[in-house]
Amino acid sequence: MSFSITDPSRRQKWIAGILVVTYAIVTLLPLVWIIATGFKTPPDSIAYPPKVFFSPSLEGYVNLFTSRSRVTPEDLAALGPPATWYDAIVRQYDMVITGPSRYGERFLNSVIIGFGSTFLSVFLGTIAAYAFSRFKVPLKDDLLFFILSTRMMPPIAVAIPIFLMYRQLGLNDTHLGMILLYTAVNLSLSVWLLKGFIDEIPIEYEEAALIDGYTRFQAFYKVVLPQAATGIASTAIFCLIFAWNEYAFAVLLTSGDAQTAPPFIPTIIGTGGKDWPAVAAGATLFLVPIMVFTILLRKHLLRGITFGAVRK
Amino acid sequence: MAQIVIKNIRKEFGSFTAVQSSSFTIEDGEFFMLLGPSGCGKTTTLRMIAGLELPTSGEIFINGQEVSQKPASQRDIAFVFQMFALYPHMNVRKNISYPLVSQGMPKAQVKAKVEEVAQILGITSLLDRPVGGLSGGDRQRVALGRAIVRNPACFLMDEPLGALDAEFREHMAEELRALHDRMGATTVYVTHDQLEAMQMGDKIVVMNHGVVEQFGRPQDIYDWPATTFVANFIGSPPMNFLRFDGSVAAGATAVALSGHSLAIPQTVEAASGALILGVRPENVHLDDTAALRGRILAAEYLGTTQIVTLDTAHGQVKARIGSDTVVRIGDQTGLRLDPRAITLFAPQGRALLSVANQRVLAHG
Ligand SMILES: Nc1ncnc2c1ncn2[C@@H]1O[C@H](COP(=O)(O)OP(=O)(O)OP(=O)(O)O)[C@@H](O)[C@H]1O
Ligand SMILES: [Mg+2]
């Protein structure tokens, strides 16, 4: 029998496989449940025991995107036959669609605030990290520690002062306010992560570019940035995940114009009974952008996380 | 092409002085070696010539123009880094053309120039390969290509062979020297390998602790070291030091060592105290009739020659003699030192001027 240190044995492969599959099931089950619930009818969604097999319905999605009101059967009859398939779904419950719901706006708010703050965090983070990595900054270590220290308590601990401050500044419930807030929270992470990546890029590349006749900024732009792409991508994902999912500040600071999807989705329950399918549909759609973003940058993310460990 | 004059440059990093008022001149077309042990300030000096580091004080002239405070891009130099610094996200062709593109040269011209350089270096077949998979030697060639493509006034190289294995180093060293001879561009080359410096350089500057110890032709530095540091750093095995207390007057032609008179080149300076007599191993001959006595401790066979280590009243002495001479360990024998090849050092380690070495040392 041969024995190898580097190649796993069959048994090791089996154990590893079982562990991975178990972990995948545990983490994916809630996701599957949410997605499935989105396609159930309200009675199916609260059936006990839970229904694994059910006839799919788009009711949840219709309810998510519309506001409806109840009408008398006579009025309903007077309206004539439903004009669209979603009209038909709604009318089964003696309701009519009175207009679109707020979900679209809230979703758009999430996109603007999430991507806006991610862009700003990464942009400022890259510049700051470059400076910390390459230049003599007075009190560099203290500054870096100070930046890190802003992460040492949960951000929500400063919620009240921020709320009061924002009220004074008129930033409550504004896109700008939320973008600035999430940027402030993410900036320490992005500076530290990116500084690590930029430190790994040998300074000789820039010096070679300087000698080749480029300015400092051109050297940064043409030599450092392409090589930091991996780090920038993984930093962007981390920043976006935080800003996208953030709930506590969003509840506290937004209620109207700038409300993001996370505080909005639970409020769907209240409008028209326990509408779990609509909530699940809202949550499902909310997952899509971040999944797409992560999958697009997946290659970079993996490389980014293992960077340093596998540098040759 | 360019002449480079370094005048009293000095570089401080905070309170640490990396280079202390160094001066030397690099003539047009020279292959010039900056030699010294690790941490002596070679790289710092080279980076100041390149403009990657600004001197704390002093002047640097390239072709008569004072450039010490000018940015690197305005000095018309090319720099070859120890780790090559090829841009990893570009292929070989892009790497080589990068400096030309930055000057705004038209595309067709860039292409022609790159092909020409690739031809010279024998890397035409590699042009479209990514730099990631290249061997050390090929990376070195690409780095050289990026340097020569611009036709700079001079090349600065910081231990360009340091990352290669020993066998290949020698080959690349020859290639580099041949390239230099063909192009004739002034080259400043940093190394801590004294053998490499001796073999390749037209001139050598020997540095130690940020100080220029000596500057001159390899042969002169080898024969007539200006300090004990140089005498010890250059040559393998290094120069022998025989320590003795005594004094020499100006014009003396002999010194007294344990009561025996030993002929030396006629001195120009006087000195007294704990003096050091320096002599290269090949200038020590075993001769039973000689007054200076020693006991043979070891013999190291090196093919045509052997290195014999002897214990004398003034310390250990190594002699390089023909390997046909039979030596027996433990034997007592006499040592005859070639009187024309002896250097006396003052107690602080500075070589005393004599009629033999003043031609070499007087200018420094
Ligand atoms: N940017 C810097 N800040 C502080 N000290 C520095 C800096 N660069 C170099 N030094 C110090 O200056 C001294 C000379 O460094 P330098 O790199 O010139 O040595 P070197 O002769 O090239 O050595 P090596 O053979 O190891 O490359 C070293 O002691 C080094 O620690
Ligand atoms: Mg160095």
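Q: Which residues are around ligand 1?
A: In this predicted model, the residues around ligand 1, meaning those with a heavy atom within 4 Å of it, are B:Phe13, B:Phe16, B:Ala18, B:Pro37, B:Ser38, B:Gly39, B:Cys40, B:Gly41, B:Lys42, B:Thr43, B:Thr44 and B:Glu159.

Q: How do they divide into nonpolar, polar and charged?
A: The shell has 5 nonpolar, 5 polar and 2 charged residues. Ala, Val, Leu, Ile, Met, Phe, Trp, Tyr, Cys and Pro count as nonpolar, Asp, Glu, Lys and Arg as charged, and the others, Gly among them, as polar.

Q: What lies 2.7 Å from an oxygen atom of ligand 1?
A: A polar backbone atom of B:Gly39. For B:Gly41, a backbone N or O atom is 3.0 Å from an oxygen atom of the ligand, and for B:Cys40 the distance is 3.2 Å.

Q: How much of ligand 1 does the protein cover?
A: It covers 60% of the 630 Å² of accessible area that the ligand has on its own, by the Shrake-Rupley method with a 1.4 Å probe.

Q: And which element gives the most to that shell?
A: H1(B), with 3 residues. Helix H1 (42-50) and strand E2 (16-26) of chain B are the elements that give two or more. Helices (H or I, at least four residues) and strands (E, at least two) are DSSP runs, numbered from the N terminus.

Q: Switching topic: how is chain B divided?
A: Into domain 1 (4-223) and domain 2 (238-354), with bounds from an automatic or database domain assignment. Their C-alpha centres lie 39 Å apart.

Q: What is the order of the open sheet of 6 strands?
A: E6-E7-E8-E3-E9-E10 in chain B, with mixed pairing; two strands pair if DSSP finds at least two bridges between them. Strand E6 (77-80) and strand E10 (211-216) are the edge strands.

Q: In which sense do E7 and E8 of chain B pair?
A: Parallel, over 5 bridges. B:Asp158 has B:Val190 in E8(B) as its bridge partner.

Q: What about the sheet of 5 strands?
A: That one is open and antiparallel, in the order E15-E19-E16-E17-E18 of chain B. Strands E15 (284-286) and E18 (315-322) each have a single partner strand, so one side of each lacks a neighbour in the sheet.

Q: What stands opposite B:Thr309?
A: B:Lys318, in E18(B).

Q: How are things numbered and counted?
A: Residues run from 1 along each chain as its sequence is written, chains are lettered from A and ligands numbered from 1 in the order written. Local features need pLDDT of at least 70, side-chain atom pairs count only at pLDDT 80 or more, totals for chains, interfaces and linings use all residues, and side-chain values use heavy atoms, with hydrogens and water left out.

Definitions and conventions:
Polar contact = N/O pair within 3.5 Å; in protein donor to acceptor, adjacent residues only side chain to side chain.
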